[in-house]
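Hi there,

Here is the structure I promised to pass on to you. Please have a look at it first, and then read my notes below.

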Amino acid sequence: MTSFLSFKKQYIALGMLVFIALFFFNTRPASIQCQVPQLEELPASVASTNSNLPTIYGITPTYARLAQKADLTRLSQTLMLVKNFHWIVIEDAENKTPLVANLLRDSGLKYTQLNIKTEKEKAKKAMASGVEQRNKALEWLRGHLRGLSEEERIGVVYFMDDDNTYALKVFEEMRKINKVGVWPVGIVGGMMVEMPIITNGKVSGFNALWKPFRPFPIDMAGFAVAANLFLEHPEAKFSRKVQSGFQESVILNYFVKKEDLEPLADNCTKVYVWHTRTQKPSISKAGKAMTYNHIEV
Ligand code: UGA
Ligand code: MN
């Protein structure tokens, strides 16, 4: 009788162990699934490609200044969340810099680093920025697109300042473009929002206050262009010959008339990009005297 009892106890103990083990193995996978990916894993995992989506070629001129790394860091970390994105970064510099090279390499993004220095002799007051840099990017892009199959070539070109603020939705919108898509831009041209005016689903005008006589009175951040148009118009490029604020009109004139513009962002009723401008940091005399050349800021 006693041996029977102890035998039974052993069975109960064993049964409980099996129960606990089953419980543990059942719940474990669910808790693993909930884990947030480690930060260091992010860049490689987010710079993903999906062959069904058009590629977005973001063209960003950049130049050495106090907040350059901060601006490029913020922008690159937005871009890490955009699928099928290829970042073309053109330094306004004699040579490519380690700051930009390292930032691009560490981002895990698909990128191309170029450089061309703006000729200062030709520089005038109120001279447009990014002209030579964007033209260099377009030259590279044409070569790149020619090497792709027609299917692989499906893409969109977006001219992006390095200090603007981009909502992820603006990238979703531009993948719908056939030729040239447009949308509102926040905080630009002395207005809260500068935007195309839409009548019956077509662009009938613009609400711009700054140089409203421009053929296309919109900011660089307010449109994107189908990549194949740059092959169909190999002559299309930015120009030094126009007054400031006309670069957008110069490039768009190659491709479309106002009526052909495709209104996006809910018929141009949503703001998904802001023309923010980074304030020049003021470093005091005492601050300047304290040099930390071994630290990249
Ligand atoms: C506005 C537009 O948003 C720009 O796209 C346009 O190039 C510019 O006006 C212009 O036509 O001059 P804004 O904020 O005034 O922008 O210009 P920045 O952001 O100072 O410059 C535009 C881009 O060019 C930036 O990505 C900037 O890093 C780069 N840049 C600026 C250079 O590469 N070199 C410079 O000397 C200055
Ligand atoms: Mn800017």
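N135 is buried, because its relative accessible area is 18% and buried means under 20% (exposed is over 50%, partly exposed in between, with a 1.4 Å probe and protein chains only). You will find N135 in helix α5, residues 131-146. Leaving aside residues up to four places away in sequence, N135 touches K237 and F238, where a contact means heavy atoms within 4.5 Å.

Before the rest, some housekeeping. This is a predicted model, in which local features need pLDDT of at least 70 and side-chain atom pairs count only at pLDDT 80 or more, while totals for chains, interfaces and linings use all residues. Residues are numbered from 1 along each chain as its sequence is written, chains are lettered from A and ligands numbered from 1 in the order in which they are written, and side-chain values use heavy atoms, leaving out hydrogens and water.

M220 is also worth a look. M220 lies in the loop between β10 (202-206) and β11 (223-226), and it counts as buried because its relative accessibility is 4%. Its contacts, again not counting residues up to four places away in sequence, are R134, Y158, F159, F238, Q247 and E248. M220 and F159 are 61 residues apart in sequence, yet their C-alpha atoms are 6.1 Å apart in space.

Now to the ligand. Which residues come nearest to ligand 1? Of the 15 around it, they are P61, D92, S129, D161 and H275 (near means a heavy atom within 4 Å).

- The side chain of D92 has an N or O atom 2.8 Å from a nitrogen atom of ligand 1.
- The side chain of D219 has an N or O atom 3.0 Å from an oxygen atom of ligand 1.
- A polar side-chain atom of D163 is 3.3 Å from an oxygen atom of ligand 1.

On its own, ligand 1 has 680 Å² of accessible area, and the protein covers 84% of that (Shrake-Rupley method, 1.4 Å probe).

Lastly, the chain as a whole. It has ten helices and 13 strands, which are DSSP runs (H or I, at least four residues, for helices; E, at least two, for strands). Of its 297 residues, 42% are buried. Among contacts with a separation of 6 or more, 75% join residues 24 or more positions apart.

Best wishes

Terms used: Polar contact = N/O pair within 3.5 Å; in protein donor to acceptor, adjacent residues only side chain to side chain.
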